[in-house]
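Please open the model in your viewer and keep the selection panel at hand. The stops below go from the whole chain to single residues.

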Amino acid sequence: MQTIRKRRDNVLTFRTNTQNSSKLSSKQNMPRKKRKDFHLDLWFCLTLQNWILDFGRPIVMIVLPLEWFPLNKPSAGDYFHMAYNVLTPFLMLRLIERSPRALPRSAVYLCIITFVMGASIHLVGDSINHRLILSGYKLHLSVRENPIIKDLKPASLIESFELLYFYDEQLGHLMWYIPFFIILFIYFTGCFTESTKQKKIPRTGQLLLVPSALYYWYLVTEGQITELFLLTFFAMVAMVIHQRHHGLSPDSNGLFLFHSFSITVLLVALWVVYLWNDPVLRNKYPGLVYVPEPWSYYMLHIKKDH
């Protein structure tokens, strides 16, 4: 009798362990299966908030009445910028979590911290710069060439505004955009699967390609980060070539990111060709890489006509 009871207990224990292990394995496999799908929710949220909170930020500052936001208080665009500085790193962390491959967490966290710091520096500089525009500052001219800056007394104040320009347009942009593209590239490195499996962007993702590429065009041109963007794009091309030698190719998420960047390269090239012979913008953006800022073009050719 004792032997029979022991056998029954052993059978019950084996069944319980088998059921628990099967449940555990199914739970572990579920997120892996989901991670292989196209991340429509994240790509849509990223594209939407980029258009509203980043591209729409200077527009809302122009549209809303100045009386609502005194010059010594944050404007509507500043609140948009604050929301962008919170939502973007959150969505990018969520994107990294969806990667089917384990990615270097320390590098990701360091990039996110630097991103937030750089975007916050830009928030302050851009807020003051917008108030200068309302006072007559010309975006298509350098700091020293602006009429409202030339008359400053004492003259040492001009250097202070040049320092502000450095924080806003150079240091802030570098600390903002370098980690941004590093994170996207790190994510892209984990978006490769066997070439034998058929992979394509779903129709909903194809509808997001043009809005996504248009935003990256704005980011590259207005942020003056053409070299950084091209370096990231060529690194992605090299990664695709390297992985194909190992029988791997980008999945649907990797294809979406790669195609968005490819369209962006085309848009930037068309923008440069369109403004190639503009003498004023040529003077403002000297050097080997000539990519004018859209808002400088707006202030020079569109707002002036109104």
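Of the 306 residues in the chain of this predicted model, 43% are buried. Display the surface: the chain exposes about 17600 Å², and 65% of that comes from carbon and sulfur atoms.

Switch to cartoon. The chain holds 11 helices and 2 strands, in the order α-α-α-α-α-α-β-α-α-β-α-α-α from the N terminus. Contacts between residues at least 6 apart in sequence join residues at least 24 apart in 76% of cases.

Next, select residues 76-97, helix α3. Its 22 residues reach 32 Å from first C-alpha to last, close to the 32 Å expected at 1.5 Å a residue. Colour its buried residues, among them His81, Tyr84, Asn85, Thr88, Leu91, Met92 and Leu95. What covers the buried residues of α3? Show α2 (40-63), α4 (105-134), α6 (157-189) and α7 (203-223), which are included in that cover.

Now select Trp43, Phe181, Leu184, Leu257 and Phe261. These residues have the most contacts inside the largest nonpolar core, a set of 59 residues. At least two residues of this core come from each of α2, α3, α4, α6, α7, α8 (226-244), α9 (252-274) and α11 (294-302). The largest share, 9 residues, is supplied by α6.

Centre on Phe261. Leaving aside neighbours within four places in sequence, Phe261 is in contact with Phe181, Leu184, Tyr216, Phe229, Thr232, Phe233 and Met236.

Last, select Leu132, Tyr137, Val143 and Ile149. They are among the 5 residues of another core, which lies apart from the largest one.

Conventions:
Residues numbered from 1 in each chain as written. Predicted model: local features only at pLDDT ≥ 70, side-chain atom pairs only at ≥ 80, totals over all residues. Heavy atoms only, no water. Helix = DSSP H or I, 4+ residues; strand = E, 2+ residues; numbered from the N terminus. Expected span 1.5 Å × (residues − 1). Buried < 20%, exposed > 50% of the residue type's maximum accessible area, 1.4 Å probe, protein only. Contact = heavy atoms within 4.5 Å. Areas by Shrake-Rupley, 256 points an atom, 1.4 Å probe, with all protein chains shown as cover. Core = buried A, V, L, I, M, F, W, Y, C linked by side-chain atoms within 4.5 Å.
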